[in-house]
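Try each task before reading its solution.

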Amino acid sequence: MKKTKVILHKDYQISPVDPRVFGGFLEHMGRAVYEGVYDPQSAHADADGFRTDVLEAMKPLGYTAMRYPGGNFASGYHWMDGIGPKAKRPTVRDLAWQSLEPNQVGTDEFAKLSRQMGWTPMMTVNLGTGTPEEARNWVEYCNAPTGTLYANLRAENGSPEPYDLKLWCLGNEMDGPWQLGHVPADQYAIRAQQAAKLMKDVDPTLELVACGSCAPDLPTYMDWDRTVLEYVGSYAEYISLHRYVGNWKGDTADFLAVTNSIDQQIEEMDAVCRFVQARNRSKKRHYLCFDEWNIWYRARKAEHMNGRGTFAPHLIEEEYNLEDALVVAGFFNSFIRHADVLKIANIAQIVNVIAPMLTRGDDLLLQTIYYPFVIYSQRRAGISLQPVVEGPGYESPSYGYVNEIDTSAILGDGVLHVFLVNRNLKESALVEVQHPGGQLTGVTSAEIISGTHPDERNTFEQPNRVTSQPFQAVSVRDGAAQLEIPPLSVVAVSFTCA
Ligand code: AHR
C-alpha cells in the first residue's frame with residue numbers, strides 16, 4: 001500500500017475559516033423554487049407552501065449565506081413583481097431561462113424562510129435590465145425603518161420591522177455575453193458604482209459583492225476584474241468568481257485533479273485584488289466571494305437551458321455520481337486552504353437545479369454531493385492549517401501534477417478536523433497525520449464517502465448507494481494518527497488534540 005504523510009503544524013495557521021464559505025444559492029429557475037423549496041400542492045407543504053421534507057434535509061448541510069434570486073434570472077428581475085398579495089402578483093416571462101415566473105415567492109417569503117432556516121440572505125440586484133434606483137429602492141424596502149415609501153410598503157406587506165439584509169451582490173455574471181444587459185467592463189463598472197453608492201446611501205452598513213469574472217476561459221478574464229475593482233473598489237468589499245467543472249474527457253483521474261485549477265483561479269483573483277490595491281496605494285483589501293461553484297456539464301446542452309415558455313421546467317438537473325462527490329470535497333479543500341482570501345462561497349444550487357437534492361412528486365433524493373457538503377460543513381469551526389503532503393502523486397493531462405491525497409485541515413478548540421480525498425482509483429492509501437507543535441490524542445468522529453465505481457450514483461429506486469458512513473480505519477498513537485483510506489473516497493476525521 002502506498003504511504004502518504006500529512007503534516008499539519010499547529011502554528012502554521014492560514015486564517016479562521018469563514019462560515020459563509022458553506023453558503024447556498026436559490027435561483028428562480030427550473031424547479032429550484034417551484035417544486036423545490038416551495039410547493040403548496042405537496043403533501044409536505046407547510047402553512048406557507050414550503051416543503052418541509054426539503055427544508056429538513058437541508059438542515060445537516062448548515063447553509064450559511066444564501067444567494068437569491070439569481071443567477072441569470074436576477075438580470076431581468078423586478079423585485080416589485082414579487083411583493084404584495086400573491087393573487088395580484090404578475091406572471092412574467094423570464095427571458096434568461098425562457099420560463100414563466102408567477103412571482104409566488106419574493107422578497108418577503110425569502111426573508112421569512114431565511115430566518116426560519118438560519119440563512120444569511122445574500123441578495124442579487126438587477127444590473128442587467130434594472131436601474132441603480134431600483135436597487136436602491138429594494139434596499140430601502142428591506143432595511144429602512146418605516147416612515148418612507150418602500151419601508152412603509154414592507155410594513156403593509158406584513159413586516160413593520162426591517163429585515164436588515166446586509167449582504168448584496170451588484171448584479172450577476174455581467175461579463176458573460178449570455179447575460180441580459182451584458183456590457184463591457186467599464187460600462188458595468190459605472191452602473192455598479194452608481195448602484196453601490198445609492199444602496200450604501202440608504203444603508204451604509206451593507207457589504208457589497210462586485211461582479212468579477214465568471215469563468216477563467218472568458219477573453220476578458222482579469223482585465224474585467226481590474227476595471228471593476230478600479231471603479232467599484234471603494235464601495236464593494238468583495239469581488240465574485242464562479243466556476244463549473246466537468247469530466248468532459250471521461251477521465252476520472254484527470255477530473256479529480258481539477259482542484260489545481262480551482263486553487264489557481266482563487267490565487268489569480270486574489271492577485272488582481274492585490275494589484276489594484278497596490279496601484280491605488282489603498283488600505284482597502286478586497287476579498288473573494290465564490291458565489292457559484294459546482295459540477296455542471298452533463299445537463300448543459302441548449303435543451304437543458306430553455307424552459308420553452310413553461311412554468312417550473314426541468315432545467316439543468318444534473319445527476320451526480322461518486323467522482324463528483326470527491327470533486328466537491330476538492331472544492332472545499334481548496335476553499336479551506338485559501339481561508340485568508342476566500343470569505344464567501346455558494347454551491348450552485350440547493351435543490352433540483354444542479355443540486356445536492358432532487359424532488360420527484362413528493363419524493364426526495366439525496367445525491368452523492370450532499371454527503372461531502374455535510375461532513376465538511378459540520379466540521380467548519382476553526383482556523384485553517386497549512387498542510388504539507390509527502391506522498392505519491394500523478395501528472396494530470398489537463399491540470400498538472402497532483403498528490404494522490406488531497407487534504408485540508410481546520411484547528412478548532414481542542415479539536416483538529418482533517419479532510420482527506422484519496423484520488424487513487426484502485427488502491428487504498430496508508431496515511432499518517434502528524435501534528436507538530438501539538439499532539440493528537442484521540443478520535444471524536446470519523447466518516448467516509450466511498451464506493452466501487454466513479455460513476456456510482458443514488459437513484460429514487462436505490463437512494464443509498466453512495467452515502468457517508470462511520471469510518472473505522474483510524475487509530476492514534478504517540479500523538480499522530482494512522483488511517484487506511486480506500487480508493488476513490490473522502491474521509492473527514494475529528495481528532496482531539498493537545
Ligand atoms: O447556476 C446556473 C446559472 O449558472 C446561473 O444562473 C448563472 O449565474 C450561471 O451561468
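**Exercise 1: aromatic rings**

Task: How many aromatic pairs does the structure hold, and what kind of pair do the rings of Trp-79 and Tyr-150 make?

Solution: This is a predicted model, and it holds 29 aromatic pairs. Now take Trp-79 and Tyr-150: their ring centres are 6.0 Å apart, and their planes meet at 65°. Planes over 60 degrees apart count as edge-to-face, so that is the label for this pair. Trp-79 is in the loop between strand E3 (65-68) and strand E4 (92-94), while Tyr-150 is in helix H4, so the pair ties together parts 71 residues apart in sequence.

**Exercise 2: two helices**

Task: How do helix H3 and helix H4 cross, and which residues make the contact?

Solution: Start with the axes. Those of H3 (residues 132-143) and H4 (residues 149-156) come within 7 Å and cross at roughly 50°. The two helices are therefore oblique to each other. Their crossing is right-handed. On the H3 side, the contact residues include Arg-136, Glu-140 and Tyr-141; on the H4 side, they include Leu-149, Tyr-150 and Arg-154. Sort the contact residues by type and you get six nonpolar, two polar and three charged.

**Exercise 3: strand partners**

Task: Which way do strands E20 and E15 run relative to E1?

Solution: Take E20 (residues 429-434) to begin with: six bridges join this strand to E1 (residues 2-16), and the two run parallel. Here Thr-4 stands opposite Val-431. Then turn to E15 (residues 383-390), which is joined to E1 by seven bridges and runs antiparallel. In E15, Glu-390 is the bridge partner of Lys-5.

Key. Residues numbered from 1 in each chain as written. Predicted model: local features only at pLDDT ≥ 70, side-chain atom pairs only at ≥ 80, totals over all residues. Heavy atoms only, no water. Pairing = 2+ DSSP bridges. Helix = DSSP H or I, 4+ residues; strand = E, 2+ residues; numbered from the N terminus. Axes fitted to C-alpha atoms, helices over the stretch in contact; angles between N-to-C directions. Parallel < 35°, antiparallel > 145°, perpendicular 65-115°, else oblique. Left-handed = near helix turned anticlockwise from the far one by under 90°. Contact = heavy atoms within 4.5 Å. Nonpolar A, V, L, I, M, F, W, Y, C, P; charged D, E, K, R; others polar. Phe/Tyr/Trp six-rings, centres within 6.5 Å; stacked < 30°, edge-to-face > 60°.
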